[in-house]
Amino acid sequence: MTAMLASQGYSLLAGPSWNPFADIQNMLSFAFMRNAFAAATASALVAGLIGYFVVLRASSFAAHAISHIGFAGAAGAVLLGANPVLGVGVLSLAASVGMGVLGRRLRGRDVVIGLVMAFSLGLGYLFISLYKGNATDAYAVLFGQIFGITTGAVWITVLTSVVVLALLAAIYRPLLFASIDEEVAEARGIRVGAIGLGFMVLLALAVSEAVQVSGVLLIFALLVAPGAIAGRVFRRPAAALALSAGVAVLITWASLALAFYTPYPVSFYVTSLAFAAYLGVRAAGRSAGLSRRLAASPSPGRDTAPEARPAATVRL
């Protein structure tokens, strides 16, 4: 990105320096970067919070399928001359409602979900092949187009994020209860089916937002990795939610900064950083677990079991 802007005559671009404040000021001096940071922050915040429940409810594959189904919506919108992000939202909402209606029956239907996902990708490719113009917008949905987002789209993204977060806050307690133990929640009078349907709708809105950052093919990283990391670090839901949102935002910010100063795309950094962070947390958890086991194990010189005592001293 830096090289491209420098070729257009921007003299203040000299690459990253040892002064991070100057680098941040440099990035935010461009309107498109301010738009990118605003929209990406709102999208990442929603993705991190929704993603925690995706992991908690074991709905990762369903979330992945919704994002791929959204590609057919984007391609169809391009064919009809509409906004591709709007197409993602419409078809994602339709798919999420269908999955939400299935409810418990959705579990164990990975084959059906996978077939629908593959069919949607094929349908999206058909729509693109039927389109006689330049289908750049539809292809951009595959891998994100955050640097090309307009000010109007930023406001739509922020307002959508506010709506999603407000709805999530409204159903937080019953959603958490139903996610931890669905049968007990239903026995307590919680409408598990309605809560599940509402959550799938929120998931579709989160996918529609995050698609601008990482694209439908790579959205899995931003939507699932922060929640998986938070679930390994904290047991308390409130702390895990805060960490998941924070990790998603930090990954997005770092990806935008790296993409600004290098020729590589944002989506590559999002997936790479998310994967590296998850591997780091897993490695740290295993190291901590090994340390605890070693600390709890008896030392060679300790006499802790009858088997280790001399036979003459064992009382029968």
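I started at the end of α4, where the next residue is Gly81, with a positive phi near 80°. My helix labels are DSSP runs (H or I, at least four residues; strands are E, at least two), numbered from the N terminus. This is a predicted model, so I noted its limits: local features need pLDDT of at least 70 and side-chain atom pairs count only at pLDDT 80 or more, while totals for chains, interfaces and linings use all residues. Residues are numbered from 1 along each chain as its sequence is written, and side-chain values use heavy atoms, with hydrogens and water left out.

**Whole chain**

I counted 14 helices and zero strands. Of the 316 residues, 43% are buried; buried means under 20% relative accessible area, exposed over 50%, and partly exposed in between (1.4 Å probe, protein chains only). Next I looked at contacts, meaning heavy atoms within 4.5 Å. Among those between residues at least 6 apart in sequence, 75% join residues at least 24 apart. The accessible surface is about 16,500 Å², and carbon and sulfur atoms hold 67% of that. Areas are from the Shrake-Rupley method with a 1.4 Å probe; for residues, only the protein chains shown count as cover.

**Helix α4**

How enclosed is α4 by the rest of the structure? Largely, because 17 of its 21 residues are buried.

Ser60 sits in α4. Beyond neighbours within four places in sequence, I found Ser60 touching Val54, Phe220 and Val224. I also logged Ser60 and Leu223: they are 163 residues apart along the chain, with C-alpha atoms 8.7 Å apart.

Ser120 is in α6 and counts as buried at 6% relative accessibility. Leaving out neighbours within four places, its contacts are His68, Ile69 and Ala72.

I then found Leu126 in a nonpolar surface patch with Leu79, Leu80 and Leu130, about 390 Å² of accessible area together. The elements giving two or more residues to this patch are α4 (60–80) and α6 (110–130). Patch rule: residues with over 30% relative accessible area and no salt bridge, like charges joined within 9 Å and nonpolar side chains (Val, Leu, Ile, Met, Phe, Trp, Tyr) within 5 Å. A salt bridge here is a side-chain nitrogen of Lys or Arg within 4 Å of a carboxyl oxygen of Asp or Glu.

**Helix α8**

The 20 residues of α8 (151–170) should span 28 Å; I get 29 Å between the end C-alpha atoms, which agrees. Which residues of α8 are buried? They are Val154, Thr157, Ser161, Val164 and Leu168. They cover an arc of only 95° around the axis, so they lie on the same side of α8; the arc is that of directions from the helix axis to the C-beta atoms. With 3.6 residues a turn, residues three or four places apart in an α-helix point the same way. Turned away from the buried side of α8 is a face with exposed Trp155, Ile156, Leu159, Val162 and Ala170.

**Ala206**

Last stop: Ala206, in α11 (residues 192–214). Its relative accessibility is 0%, so it counts as buried. Setting aside neighbours within four places, Ala206 contacts Val46, Ile50 and Leu223. Ala206 and Ile50 are 156 residues apart along the chain, yet their C-alpha atoms are separated by 7.3 Å.

Conventions
The expected span of a helix is 1.5 Å times one less than its number of residues.
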